[in-house]
Amino acid sequence: MPDAIELLKTRRSVKPREMTGPGPSPAEIDTILTIGARVPDHGKLTPWRFILFEGDARIRAGEIIADVFAKKNPQATAAEIEVEKKRLTDAPLVIGIVSFTRPHPKVPAWEQELSAGASAMNIVTAATALGYGACWLTGWFAFDRDVLDGFGLKADEKLAGLIHVGKPTKPNEDRPRPDLTAIVTRF
């Protein structure tokens with residue numbers, strides 16, 4: 001297990017197309033999700049839940065995405081529809097972070113949505129700590145109501161993101177990071 005500070009300083013997203021199996025074991029998935037549920041949550045509202053896409057479920061989800069895409073884009077080519085069908089098939093595990101808000105006198109919706117984002121980041125970090133590559137993505141389909149309905153989300157639920165998890169197939173190069181002098185001020 002890497003040192004926590006070093007892990008946080010060097011964590012990088014791994015592109016799903018640069019992932020392979022095997023994916024996390026059931027025990028590792030439990031660990032990842034336990035850490036995903038251990039986030040700031042003002043009011044203890046648990047304003048998020050998780051959907052696991054593994055094995056054939058990734059293919060079924062891709063068929064939903066492709067069907068919606070084809071209906072909304074009648075001019076789409078077979079190749080374009082095939083791309084949509086494979087959206088969730090590169091990584092062996094994809095974790096959907098479902099976000100929803102509840103009316104609360106002390107906890108605004110914005111805080112509840114941020115809690116879902118914190119959950120997604122904890123999942124990325126936990127997967128990385130376990131030696132997997134992870135990437136938090138969305139895409140057009142993450143905001144399409146027909147796709148969300150097909151994935152079983154309720155009318156008041158949103159998809160905060162899809163975390164792709166798998167073994168990296170090659171070393172991951174870092175990207176430029178912000179210069180702290182450009183983003184930090186002192187009050």
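In the predicted model, 38% of the 187 residues of the protein chain count as buried. The overall dimensions of the protein chain are in keeping with a globular form: a compact globule with 187 residues would have a radius of gyration near 16 Å, and the value of 18 Å computed for the protein chain agrees with this. Taken along the principal axes, the box filled by the C-alpha atoms is roughly 55 × 45 × 40 Å. Among contacts with a separation of 6 or more, 79% are accounted for by residues 24 or more positions apart.

Seven helices and five strands make up the secondary structure of the protein chain. Read from the N terminus, the order of these elements is α-β-α-β-α-α-β-α-β-α-β-α. Helix H5 comprises 21 residues (residues 109-129). Gly131, which follows H5, has a positive phi, near 95 degrees.

The search for open space was also applied to the model. The largest pocket holds about 220 Å³ of space. Its lining includes Arg11, Arg12, Ser13, Lys15 and Glu18, together with Lys170, Pro171, Asn172, Glu173, Asp174, Arg175 and Arg177. By class, nine of the residues lining the largest pocket are charged, two are polar and one is nonpolar.

Definitions and conventions:
Residues are numbered from 1 along each chain as its sequence is written. This is a predicted model: local features need pLDDT of at least 70, side-chain atom pairs count only at pLDDT 80 or more; totals for chains, interfaces and linings use all residues. Side-chain values use heavy atoms; hydrogens and water are left out. On a 1 Å grid over the protein atoms alone, a cavity is a set of points where a 1.4 Å probe fits but cannot get out, and a pocket is an open set with protein on both sides within 12 Å along at least five of seven lines; lining residues have an atom within 4 Å of a point. Grid points are joined across faces, edges and corners, and a volume is the space filled by probe spheres set on the points. Ala, Val, Leu, Ile, Met, Phe, Trp, Tyr, Cys and Pro count as nonpolar, Asp, Glu, Lys and Arg as charged, and the others, Gly among them, as polar. Helices (H or I, at least four residues) and strands (E, at least two) are DSSP runs, numbered from the N terminus. The expected span of a helix is 1.5 Å times one less than its number of residues. The radius of gyration is taken over C-alpha atoms; the globule rule is 2.2 Å times the number of residues to the power 0.38. Buried means under 20% relative accessible area, exposed over 50%, partly exposed in between (1.4 Å probe, protein chains only). Contact means heavy atoms within 4.5 Å.
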